[in-house]
Amino acid sequence: MDTVCMALAGRAAEQVFFGRVTTGASNDLQKVTNIVYSTIQEYGMNTKVGQLAFPKDPNAGPGDKPYSDDTAEAMDEEARRIVDEAYERTLNLITERKEEVEKIAKFLLESETITHDDVIDCIGPRPFKGDDAYNEYVSKRSSQKEEESVLEADEKKEEEEVEDVGGGTGGLAPGLAFRG
């Protein structure tokens, strides 16, 4: 449920830094609610409700559902529990990492956008090793190094071609030397 925690992070940060939550994170709550109910109702990813799928029927009227009121109540309880646990986890994480969150916030105020490499420069690398392919994809530094090595290889190739073409004629191709 890392995605749920991530979506709740703005709301939790408001609570940690300002002592209150504003309406700015209301869209995040809608996303969280949709994610959690989808895992419970559509994907059967909940032990209390079980491995059952109740996909939403776009043609169903209000109150039409393929499950009982007791099941609906269990779904609501599970959704509330999952969101509450995710919010607590997020609050704890932001409280533990408050200094790092402040550094990132200040950086964003100064530059408006932030890259993976900026985050590493600001607060250091992740506490765990990530996937090499992912790191290469998100890091601008590795793509810059790759571009530099390609440019160097191209320059070296051009130099070799110039030397080969010269063949001791002062850089002119045979047959083009002109004596006047």
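A pocket is an open set of points on a 1 Å grid over the protein atoms alone, with protein on both sides within 12 Å along at least five of seven lines, and its lining residues have an atom within 4 Å of a point. Its volume is the space filled by probe spheres set on the points, which are joined across faces, edges and corners.

This is a predicted model, in which local features need pLDDT of at least 70 and side-chain atom pairs count only at pLDDT 80 or more, while totals for chains, interfaces and linings use all residues. Residues are numbered from 1 along each chain as its sequence is written, and side-chain values use heavy atoms, with hydrogens and water left out.

**View 1. The protein has seven helices and zero strands.** Helices (DSSP runs of H or I, at least four residues) and strands (E, at least two) are numbered from the N terminus, and the pattern along the sequence is α-α-α-α-α-α-α. Of the 180 residues of the protein, 22% count as buried, where buried means under 20% relative accessible area, exposed over 50% and partly exposed in between (1.4 Å probe, protein chains only). The accessible surface, by the Shrake-Rupley method with a 1.4 Å probe, comes to about 13600 Å², and 52% of this surface belongs to carbon and sulfur atoms. Among contacts (heavy atoms within 4.5 Å) with a separation of 6 or more, 50% are accounted for by residues 24 or more positions apart.

**View 2. The largest pocket holds about 1400 Å³ of space.** The pocket is lined by 29 residues, and those closest to its centre are Leu-93, Val-119, Ile-123, Arg-126 and Pro-127. At least two residues of this lining come from each of the helices α1 (2-18), α3 (69-96), α4 (98-111), α5 (116-123) and α6 (132-138), and the largest share, five residues, is that of α4. Sorted by class, the lining has 17 nonpolar, six polar and six charged residues, with Ala, Val, Leu, Ile, Met, Phe, Trp, Tyr, Cys and Pro taken as nonpolar, Asp, Glu, Lys and Arg as charged, and the others, Gly among them, as polar.

**View 3. The second largest pocket has a volume of about 150 Å³.** Its lining consists of Gln-41, Phe-54, Pro-55, Lys-56, Asp-57, Ala-60, Asp-64, Lys-65, Pro-66 and Tyr-67. Divided by class, this lining has five nonpolar, one polar and four charged residues.

**View 4. Thr-39 sits in helix α2 (residues 26-42).** With a relative accessible area of 10%, Thr-39 is buried. A polar atom of the Thr-39 side chain lies 2.7 Å from the backbone oxygen of Val-36. When residues up to four places away in sequence are not counted, Thr-39 touches Met-1, Gly-44, Met-45 and Asn-46.

**View 5. Val-49 belongs to the loop between α2 and α3.** Although Val-49 is placed in a loop, it counts as buried, at 13% relative accessibility. Apart from neighbours within four places in sequence, Val-49 is in contact with Ile-40, Phe-54, Ala-74 and Met-75. Between Val-49 and Thr-71, which are 22 residues apart in sequence, the distance in space is 7.2 Å, taken from C-alpha to C-alpha.

**View 6. Glu-112 is found in the loop between α4 and α5.** Glu-112 is not a glycine, and yet it has a positive phi of about 70 degrees. Glu-112 counts as exposed, because its relative accessibility is 71%.

Notes
1 Å grid on protein atoms, 1.4 Å probe; cavity = no way out; pocket = protein on both sides within 12 Å on 5 of 7 lines; lining within 4 Å. Polar contact = N/O pair within 3.5 Å; in protein donor to acceptor, adjacent residues only side chain to side chain.
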